[in-house]
Structure formats: C-alpha cells, structure tokens
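Subject: Structure handover

Hi,

Here is the structure for you to look over. My notes follow below it.

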Amino acid sequence: MKILILGAGGFIGSNLTEHLLRSGDHMVMGLDSDDEKIRDLGVWEGRFSFLKCDVRSDFPLIESFVATSDVVIDLIAYANPSLYVEKPLDVVDLNFFQNLKLVQECIRTHKRLIQFSTCEVYGMSAGNREPFKEDETNLVMGPIKNQRWIYASAKELLERIIYAHGQEGDLNFTIIRPFNFVGPKIDYLVEAGTLGGPRVFSHFMSALMGNGPMRLVNGGESHRSYTHIGDAVRAIQAVIENPDRCRNQIINIGNPNNGTTIKELAYLMMELYEELTNEKSGAWVEEMAGDEFYGAGYEDCDWRVPDVSKISALGWKSELDLRETFRQTMQWYLEETSRRDVLPSFLKVQPASVS
Ligand code: UGA
C-alpha cells in the first residue's frame, strides 16, 4: 500500500512512520514542515520518501502526493493546550481550515482518508464515569470565553463534516481519536519552572532533569489514560490494514487500564527518575491555578477513559502498563540527552512558545 502521512515529522507521525517501515512492506511518503524527528530513520530501499513542506503554503505540492497515494493519513495539528488559549485563531486555522482542504482533496480524488481527531472532543465528563464511546457519549464543552475548547470544537466540526460526507457517499474515511499517547519524541523539553508550553510529560521530565517545580495544575486532580506510542502505532496499523471494517467509523485508540490523576503521575515519575538514575532529583511538587499556568481561558478535561471495543475487535491489545509506559519514555529521554553530541531541538531546553 502507498501510504501518505501528513505530519510525518511529529510525535505520532515519526513513530508511526518508523513502525510501518519496520513491520510491513508498505511504501511510506512523509510530509511535514519539520524533519528533526525522522532524520535518524535511515535508508529504506525505496520504501520511504520525505519532503519538507507546509500545508499552509505548499498545497499544490501536497495535492500531487495525495494523487499518488492509496491512503492519506492526516496528522497535521497543533495539540498543546497552552496554544489553544495563546493562539486560538492559529489553532483553528491549522486544525480546521487547513485540514478541511485535505478532506476536500480526498473527496475530489476518491482517496481513503484516516483523519486524526482527538479524545478532547469528548470534553468534560459532566459526572459520567463510563468509558467514552465513539458513537454514544455526549461531547461536553465549556463556555466560549474558555478558549481551551476552541481546539476541540474545531476538531469536532471537522469530524462532523467528514461524517456527513461519508453519509452522502462521497468519502471513505476513518476518524481516530487518540487518548494521551506518550513515548519517545513526544514534546520538547523546557526550562524547569516554565509556564504553558508542552504537554505534562515534558514539564515533569524537565523539572526532574533540571531540579525545578513539578506544577500540579488545579491540584493535579484531572484524570488521564495514557497509552504507550508503541501500542498506539500497532493500533493505527490495524486501522490502516482493515479498510473495510474501519470504513466510515470513528475509533478510539487508548488504554483504559492506564488511568491516573496528574498528581499520581507526578509522584510516579519522581519514583521512576530515582530508579532510572540511581539518584533523587531535586524537583519538588507544588500546586498552581490553571489560569496562572496557562493564562485566562484555560479549563480542563476532568476525566478521560476510552472504550476500546472497536479497536479491540480488530485484534489489537495494549501491552504496556502505566509504569512501564512512563519508565520506557523517561529512559529514552535520559539516554538520548546524554548520548548525543548534537541534540535535536526537541531534546534541548526550549522556550515555551515552540510548538
Ligand atoms: C492534550 C491535547 O489537548 C489533546 O488533544 C491530546 O489528545 C492530548 O494532549 C494527548 O496527548 O493525547 P491534555 O491531556 O490536556 O490534552 O494534555 P496535557 O497538557 O499533557 O495536560 C494533562 C493534564 O496535566 C492537564 O490536567 C493539565 O492541566 C495538567 N498539567 C500540565 C499539569 O498539572 N502540570 C503541567 O506542568 C502541565
């Protein structure tokens, strides 16, 4: 199969590209505005090609790649919550308008589209403690002034448009809702104590490595279910390779058994840091209000657990538990930062505004 991955240079894209090359005989074409995370992929005897380009400025070029592919995987997104309150319009432009152009191109050229959405479309739990089901659970957003929801709203509208085209019969799609994947290359490291910026793993890792504060936003009571990227890419592969069973379906990918509050996660990562380095970090845990950490307009998803019946029906099973998921991810960051002479920018300490 000729697979076109838009956003191949991102966290999911780079890990997925590598997995597909190692585990099958697919041809992979990758496009991204950044190539740092796939530079070490090496030569794959004509099975892999990559081009640096940006969906915002190089659309004609992207059209020519869509034309030659069997399936288009669209991973292009801004997915760091601090950006949703800092740059809401940029978030909508990339996550909705630019992605919509790709949807339209897939309709025009009759290409199968695998569109990455987000678990964030489920929004807040509103007291519902059942695992979120793709076709049943209500999507609960906060008020407009809470800009955090602009990202989920953009993704939700894109999903609704894709779904409508599927019903009209002019698009063959699968929508994937990823639930907090974590693993090598997830996000860039920041100076310990930085506000906003990347997702929680990078903040806690940066604090542990730089002896700074591990901030528990609003007490760290929010709950997430984490999935190791190695488990996640096998699930994505199952979707790619089962086009008929996944036709016009929305599918959660996540690990319902790896639930934790953010507070519990902070202490788990502290413990793992000591286990991996044989020394105690000088990091400490402290609480901070959401508005102070991210700016006005931040509101949180309080609880997030996927129902994985659909993806499990394809024969997929997660393998790594919460502890092992974070142990392996932390180990990778520790080894890579000490091993490399020249660090790629996502392993150097960055200012928070890098996306
Ligand atoms: C983000 C994206 O918005 C989702 O679209 C995406 O699907 C998801 O990541 C993902 O990785 O799959 P979120 O889970 O809120 O969603 O991402 P984080 O920024 O990692 O936040 C997780 C929790 O940690 C939140 O409650 C946040 O307030 C908290 N947090 C974050 C801290 O307590 N301290 C920090 O230093 C950073």
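Is Asp40 buried, partly exposed or exposed? Asp40 is partly exposed, because its relative accessible area is 48%, between the cut-offs of 20% and 50%. Keep in mind that this is a predicted model.

Salt bridges

The whole structure holds 24 salt bridges. Asp40 takes part in one with Arg340, where the closest N and O atoms are 3.7 Å apart. That pair links distant parts of the chain, 300 residues apart. Arg340 sits in the loop between H11 and strand E15 (349-350). Asp40 sits in the loop between strand E2 (27-32) and strand E3 (48-52).

Arg224 and Asp300 also pair, at 2.8 Å from N to O.

A local case is Arg108 with Glu105, at 2.9 Å from N to O. They are three residues apart in helix H4 (residues 88-109), so about one helical turn separates them. Arg108 counts as exposed, at 57% relative accessibility. Glu105 is buried, at 4%.

Helix H11

H11 covers residues 322-339. Its 18 residues should span 26 Å at 1.5 Å a residue, and its end C-alpha atoms are 26 Å apart, so the two agree. Asp321 caps the N-terminal end: a side-chain oxygen lies 3.3 Å from the backbone nitrogen of Arg323. The buried residues of H11 include Leu322, Phe326, Trp332, Tyr333 and Glu336. Among the elements that the buried residues of H11 pack against are helix H6 (200-210) and helix H8 (262-277).

Nonpolar cores

The largest nonpolar core has 63 residues. Ile5, Ile73, Phe201, Ile236, Met269, Ile311 and Phe326 touch the most other members. Helix H7 (residues 229-241) gives the largest share, eight residues. A second, separate core has 33 residues, including Cys53, Val91, Leu100 and Ile107.

Phe326 brings the core and H11 together. Beyond its neighbours within four places in sequence, Phe326 is in contact with Val182, Phe201, Tyr226, Leu265, Met269 and Leu272.

Best wishes

Note on methods. Residues are numbered from 1 along each chain as its sequence is written. This is a predicted model: local features need pLDDT of at least 70, side-chain atom pairs count only at pLDDT 80 or more; totals for chains, interfaces and linings use all residues. Side-chain values use heavy atoms; hydrogens and water are left out. A nonpolar core is a set of buried Ala, Val, Leu, Ile, Met, Phe, Trp, Tyr and Cys residues joined through side-chain atoms within 4.5 Å. Buried means under 20% relative accessible area, exposed over 50%, partly exposed in between (1.4 Å probe, protein chains only). Helices (H or I, at least four residues) and strands (E, at least two) are DSSP runs, numbered from the N terminus. Contact means heavy atoms within 4.5 Å. The expected span of a helix is 1.5 Å times one less than its number of residues. A polar contact is a pair of N or O atoms within 3.5 Å; within protein, one must be able to donate a hydrogen and the other to accept it, and residues adjacent in sequence count only if both atoms are side-chain atoms. A salt bridge is a side-chain nitrogen of Lys or Arg within 4 Å of a carboxyl oxygen of Asp or Glu.
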